[in-house]
Amino acid sequence: MQSVLPSLFFYALATMILVSAVVTITRRNAVHSVIWLISTLLGIAGLFLHQHAEFLAAVQVIVYIGGITVLFLFVIMLVNLDEAAKKKQFAGQWKIVVICAGALLAELGFFIFKGAEGFYFAEPAGGSLQPNTQLIALALYRDYLLPFELASLLLLVAMIGAVVLAKKDLK
Amino acid sequence: MLNEYFSSVDLLVLKPAILLTLFAIGVLLTDLMLEPEQKYLNAVMALAGVGFAAYSLGPWPLGLQHQMGMAGADALEAFRGAVIVDSFGIYFMWLFLIAAALSILISIRYLEIEGEHRGEYYAIMLLATVGMMILAIGMDLITLFMGLELMVISIYILTGYLRRDRRSNEAALKYLLLGAFSSGILLYGMSLLYGLSGSTDLRIIASSISQRPAGDPLVLIAVITICGGLFFKIGAVPFHQWLPDAYEGAPHCVTAFMSVGPKAAAFALLIRMFLVPLASVRDVWLPLVIGVAIATMTIGNLAAITQSNVKRMLGYSAISHAGYMLLGIVSGNENGLKGIMIYLMVYAFMNLGAMAVIVAMRRKDIIGDEIDDFAGLVYKSPTAAVLMLIFLLSLAGIPPTAGFIGKYFIFLSLIETGHYGLAVVAVLYVAVSLYYYFQIVTSMFTREATDNVVPALSPGIRLALGVSLAMTLFIGLYPNPIIEVAGNTVASILR
């Protein structure tokens, strides 16, 4: 019954995420970094899809890839890239980095070594595999409809406030 | 099938809030079409919004229920229990609408002098009022928190509304940073309550908290963090440092608004939290509230003595008033809560009245909030001086003004529940407060005027002053109606 295909998908996506993430932080050109970040986020969206979390996958694509990285690109365009490229890319704190990474690796290694007993698993989230898009919709538009609508007012106030306080001269 | 998700009761219950939102957006839109000298029409539109919202509440005090043909029902639930409109909520909604209306009236002239007369001001004020309403009727942690943030973020913006004024900018930044910090603490407590009960509904939280063993550390942390967040919002010691700065730096009319509306809303939230989810752990929070109440009265009253700025002094006096109101929570019986209700309503009129006089003192080159600016006011404008005297007497709690009635019920409840020591302390601090209020009075009546600038009583300020004066004296001389209404209100939450 257990097919080999899901694990294949997982490993392919994991490799894509890890490689892109490493490349993201090692590129000198900030625009290249953002492009690789998009690849990382796409991989994570793929993992969500793999876990039958269709809604999260879609939101990941729309919000993170569509919205936040575009915002990053805007910010990058506003700063002086040539100036930044000349700066030293890493702070040179190698000793601290090695110690932290070593601790993290030891921790991970311990749990991988112990296997499943090392964790207290809650009920597997995807166990019953309900259509989660519908569950989220019910939570947002039925159980928490009022706070959801209030959030829109909150954002409106924040937007008006930003314009009122930051606009140069209204005369 | 649709009814399962959304019903007409939901809409009716939120009608005042929806109307205010619509008018806020309307003000934003019509503002674009107005010439600079017509900007007062924004205020008219905002006032119309407040009026419609008040009309939709129906005849005082329980019109909403009658209107829906549910006269027998004590409370209406909507949005699957996220909000509950009982007489407690309706009382507070009236209070917020009154505060908003009077604040709008005194804003018009002030904003014209400052050259910042724009529609956004009124829109934000109306949206802040929506947030307050949600605080008064919310029964769900997420709803309450959204209402709270809607209110405070609006107030941060209004505090920094005078962009060219350094004091205003500084006050807004301080208020924003400390406010965000305290919201975080409050949210931490709320998340603990959710973790303890698995629900965001206050009533379900109440039943699961009451089943926890006594002295449960998690409950203890939840209570302490929630108290910390709430005490910040009402400006109680030791979370009061933001308040004098924010009051002093904010535009006069915003100080008036924020000293009344948001304060009452924070008290509504505090009463709701203490009486519903945290009712069973009264032993845990009672010593905390007693300590904070004493500290609040002490710092508020003593620090007010040394102030030379009237707005700052009223800020410290607002701190001390929060201390008196906390005493009503300490006694926690019917008279104590009735006292808080009456106190908040009375405070709205007398504090807005006093602030309206300060707003009138604002002239082209005089900020008008130093005690020295009040020197010899009685020779320049006897009306303003006498009005200020009455409002200050009321703030101090001298009969026959309304301030006496609020303090009377709180002190009465303390004696009923055997807190004699607290009652004595509170009365002593009333004597202290007389001293600093009379610093302004002596400045107005006994000193020579230093200039000939007569305070400008614009029609809006006249109306606001008239209403405040009438209510301060009416409630003081004939308190029976408001005592009856407050009694019903308290009955609806103590059930």
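This is a predicted model: local features need pLDDT of at least 70, side-chain atom pairs count only at pLDDT 80 or more; totals for chains, interfaces and linings use all residues.
In chain B, helix 8 (residues 166-197) and helix 9 (residues 202-210) have axes that come within 9 Å and cross at roughly 70°. That angle makes helix 8 of chain B roughly perpendicular to helix 9 of chain B. On the side of helix 8 of chain B, the residues involved are B:Leu193, B:Leu196 and B:Ser197, and they meet B:Ile205, B:Ser208 and B:Ile209 in helix 9 of chain B. Sorted by class, the contact of these two helices has four nonpolar, two polar and no charged residues.

With helix 11 of chain B, the axes come within 8 Å and cross at roughly 140°. Helix 11 of chain B and helix 14 of chain B are therefore oblique to each other, and their crossing is right-handed. From helix 11 of chain B, the contact draws on B:Leu243, B:Pro244, B:Asp245, B:Tyr247 and B:Glu248, which meet B:Lys311, B:Arg312, B:Leu314, B:Gly315, B:Tyr316, B:Ala318 and B:Ile319 in helix 14 of chain B. The residues of this contact divide into seven nonpolar, one polar and four charged.

The other partner is helix 19 (residues 420-446) of chain B, whose axis comes within 11 Å of that of helix 14 of chain B, with a crossing angle of roughly 165°. This makes helix 14 of chain B roughly antiparallel to helix 19 of chain B. Helix 14 of chain B passes helix 19 of chain B in a left-handed crossing. Helix 14 of chain B contributes B:Val310, B:Met313, B:Leu314, B:Ser317, B:Ser320, B:His321, B:Tyr324, B:Leu327 and B:Val330, while helix 19 of chain B contributes B:Leu422, B:Ala426, B:Tyr429, B:Val430, B:Tyr436, B:Tyr437, B:Gln439 and B:Ile440. By class, the contact of helix 14 of chain B with helix 19 of chain B comprises 13 nonpolar, four polar and no charged residues. B:Leu314 is named both in the contact with helix 11 of chain B and in the contact with helix 19 of chain B.

Turning to the two chains together, 22 residues of chain A are in contact with 32 residues of chain B. The size of an interface is often given as the accessible area lost when the parts come together. Between chain A and chain B, the buried area is about 2500 Å², and carbon and sulfur atoms give 77% of that area. One salt bridge is counted between chain A and chain B. Its partners are A:Asp143 and B:Arg80, with the closest N and O atoms 3.3 Å apart.

A few backbone details in loops complete the description. The peptide bond from B:Val237 to B:Pro238 is cis, with omega near 5°; B:Pro238 is placed in the loop between helix 10 (217-234) and helix 11 (242-249) of chain B. Another cis peptide bond joins B:Pro399 and B:Pro400, where omega is about 10°. B:Pro400 lies in the loop between helix 17 (382-396) and helix 18 (402-416) of chain B. In chain A, the residue to look at is A:His52, a residue other than glycine with a positive phi, near 65°. A:His52 is found in the loop between helix 2 (30-50) and helix 3 (54-78) of chain A.

Methods. Residues are numbered from 1 along each chain as its sequence is written. Chains are lettered from A and ligands numbered from 1 in the order in which they are written. Side-chain values use heavy atoms; hydrogens and water are left out. Axes are lines fitted to C-alpha atoms, for helices over the stretch in contact, and angles run from 0 to 180 degrees between N-to-C directions. Helices (H or I, at least four residues) and strands (E, at least two) are DSSP runs, numbered from the N terminus. Angles under 35 degrees count as roughly parallel, over 145 as roughly antiparallel, 65 to 115 as roughly perpendicular and the rest as oblique. Contact means heavy atoms within 4.5 Å. Ala, Val, Leu, Ile, Met, Phe, Trp, Tyr, Cys and Pro count as nonpolar, Asp, Glu, Lys and Arg as charged, and the others, Gly among them, as polar. Buried area is the accessible area (1.4 Å probe) that two parts lose on being put together, summed over both. A salt bridge is a side-chain nitrogen of Lys or Arg within 4 Å of a carboxyl oxygen of Asp or Glu. A crossing is left-handed if the near helix is turned anticlockwise from the far one by less than a right angle, and right-handed if clockwise.
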